[in-house]
Amino acid sequence: MMRAIQLTESGLDEQFEEVDCPLCNSKKRDLYFEHDDDPYLNQLKVPKDFKVSFYYCDDCELIYQSPRWTKKTADRFYSKLYRPQVPQQKNVDYKLKDAADVYDFIHEDKVFPKSGRMLDVGTGEGLLPYTHEKMGENGGPKWDTYAIEPNKVYADWARANKLCQVETGEFKKKSWRNLTFDLITAQQVLEHIHDPVAFLKLCNDRLYSDGWLYIGVPTVEYPWGNEYSRFNMMCDNFTASPHLTLYTPRTLGRMLNKAGFYLERLDYYSRGIRSLSRKLRPGETQEHYGRENRKRIEETFKNCCALERQHLAKQQESVSSEGDSQEDKGMEVPAVSNQMA
Ligand SMILES: [Zn+2]
């Protein structure tokens, strides 16, 4: 059920909606975490005391945001305010390492044929498809790569630098002429999507029967405990308004299963958890037994939230000298093959 909320005082008609659990539709929930003064909502000029609230679903245990911005407000934010300038070199360097790491995870078991067709959804700078192409040129499986990116600035940049072929827009039924794929990847995308189950079902529809799905998402469970400070340059803002859902291995597994996938492999990594899944076979199911250790998750989660708030406060102090807003012209195409040889 959705109940619309209009923030008329902002004068900007930004809209928010109350939602039930996006995984199981349950209304039973507990407030898990909330904060105000959200950096993204500040950009939308939403009143600073508006609370970004995350709930814990009592039934399926997914952590989700409610109220959350509507699709219309999110679209306006992503098209106008999010990443308005071309990527900076330091981000490209980091993402290139990230892409190499994801490539290694996907190909660890060598389950892939000598060639195939891959689609990267929400590709950003286009570095994951680019890495697959380059590894093919260096003796790895030959991938015919396709990408989709809703941010026009990043899609244009990836195209201009010849990193991959990109369709600008959202992943839809007709994206890339309705081609079928051997591999679909979505790195740090699922948590931004209003209907993540529908998104995963669409991925399922677009895969061959023996195709594979890679999903990487931020996590609220840290097996390494309180000691871990996860705030390197790419790992902040994880409880901010753009993240509509937050995952544990169990809730990610439950969601994948609901969308017709069998979770084959899962691992923790610097940006959360990452997974490789295949399609469920006819009549097959996958159980994700037991309940979360809620106390432990809550402890580590609260610790990380506190660190995040400190980090954001510091970032806002130096906002004029940092971030994606800085111009960075004359970008060179990164030499990915050398780094991974
Ligand atoms: Zn639920």
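Predicted model: local features only at pLDDT ≥ 70, side-chain atom pairs only at ≥ 80, totals over all residues.
Another open sheet is built from 7 strands, ordered β9-β8-β7-β10-β11-β14-β13, and its pairing is mixed. Here the edges are taken by β9 (166-168) and β13 (261-269), each with a single partner strand, so one side of each is left without a neighbour in the sheet. On average, and with direction ignored, neighbouring strands of this sheet are turned by 15 degrees against each other. Strand β7 (residues 115-121) and strand β8 (residues 142-149) run parallel and are joined by 7 bridges, and Arg-117 stands opposite Asp-144 in β8.

Helix α6 packs on this sheet, where it touches β10 (181-187), β11 (207-217), β13 and β14 (272-279), and its direction makes about 145 degrees with that of β11. Helix α7 lies across β11, β13 and β14, running at about 155 degrees to β13.

The helices also pack against each other: α6 (residues 196-205) and α7 (residues 249-258) meet at an angle of about 55 degrees, with their axes 8 Å apart, which makes α6 oblique to α7. Their crossing is right-handed. In this contact, Pro-196, Val-197 and Leu-200 of α6 meet Met-255, Leu-256 and Lys-258 of α7, and by class the contact has 5 nonpolar, no polar and 1 charged residues.

How values were computed: Residues numbered from 1 in each chain as written. Axes fitted to C-alpha atoms, helices over the stretch in contact; angles between N-to-C directions. Helix = DSSP H or I, 4+ residues; strand = E, 2+ residues; numbered from the N terminus. Parallel < 35°, antiparallel > 145°, perpendicular 65-115°, else oblique. Left-handed = near helix turned anticlockwise from the far one by under 90°. Contact = placed C-beta atoms within 7 Å. Nonpolar A, V, L, I, M, F, W, Y, C, P; charged D, E, K, R; others polar. Pairing = 2+ DSSP bridges.
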